[in-house]
Amino acid sequence: TKLFLSQDFKSGFGINPDGELISVFALERGRGKMLVKEAREQGALYLCCMGDHLLNLYSEFGFSPVNILKWDNKFAPKNWNYERFGDPNLYEMRLINPYSEEYDQHRNYCE
């Protein structure tokens, strides 16, 4: 896994050898687009995210949902704050290019 960290240590992400984007984080608001853009440039091909906000963010950079997993209370973290976070869906997303070898390579990767 390659890890990427901003110079101020307040944002970053990882990319697994197969192109999975993982552990995107930002301690400063407004860095999401920059992080996703950089992740694309560094070779990110697919990811999992939770909630419509992240679905929309990743969609802006060419990732498309290939599977939607509906929220299931039995898998919620023990102290999940439903009032604050609701019951968001989990989205499996990938770059879709039908002329690419990666097109069907990643399936069921959020299980």
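## Burial and the model

Buried means under 20% relative accessible area, exposed means over 50%, and partly exposed is what sits in between, using a 1.4 Å probe and protein chains only. By that rule Arg 31 is buried, with a relative accessible area of 17%.

Keep in mind that this is a predicted model, where local features need pLDDT of at least 70, side-chain atom pairs count only at pLDDT 80 or more, and totals for chains, interfaces and linings use all residues. Residues are numbered from 1 along each chain as its sequence is written, and side-chain values use heavy atoms, leaving out hydrogens and water.

## Salt bridges

Searching the whole structure turns up four salt bridges (a side-chain nitrogen of Lys or Arg within 4 Å of a carboxyl oxygen of Asp or Glu). One of them joins Arg 31 to Asp 8, at 2.5 Å from N to O. This pair links distant parts of the chain, 23 residues apart: Arg 31 is in the loop between strand 3 and helix 1, and Asp 8 is in the loop between strand 1 and strand 2 (11–15). Helices (H or I, at least four residues) and strands (E, at least two) are DSSP runs, numbered from the N terminus. Asp 8 counts as partly exposed, at 34% relative accessibility.

Glu 60 and Lys 33 also pair up, at 3.3 Å from N to O. Glu 60 lies in the loop between helix 2 and strand 5 while Lys 33 is in helix 1, so this bridge ties together parts 27 residues apart in sequence. Then there's Lys 37 with Glu 41, at 2.7 Å from N to O; both lie in helix 1, four residues apart, or about one turn of the helix.

## Aromatic cluster

Trp 71, Trp 80, Tyr 82 and Phe 85 form one aromatic cluster. Rings of Phe, Tyr and Trp (its six-membered ring) pair if their centres lie within 6.5 Å; planes under 30 degrees apart are stacked, over 60 edge-to-face, and the rest tilted. The count comes to five aromatic pairs. Trp 71 and Trp 80 have ring centres 5.0 Å apart and planes at 35 degrees, so that pair is tilted. Trp 80 and Phe 85 are tilted as well, with 5.2 Å centre to centre and 45 degrees between the planes.

Trp 71 is buried at 19% relative accessibility, whereas Phe 85 is partly exposed at 43%.

## Helix 2

In helix 2 (residues 52–59), the buried residues are Leu 55, Leu 57 and Tyr 58. Looking down the helix axis, they fall within an arc of 165 degrees, so they line one face of helix 2 (the arc is that of the directions from the axis to the C-beta atoms).
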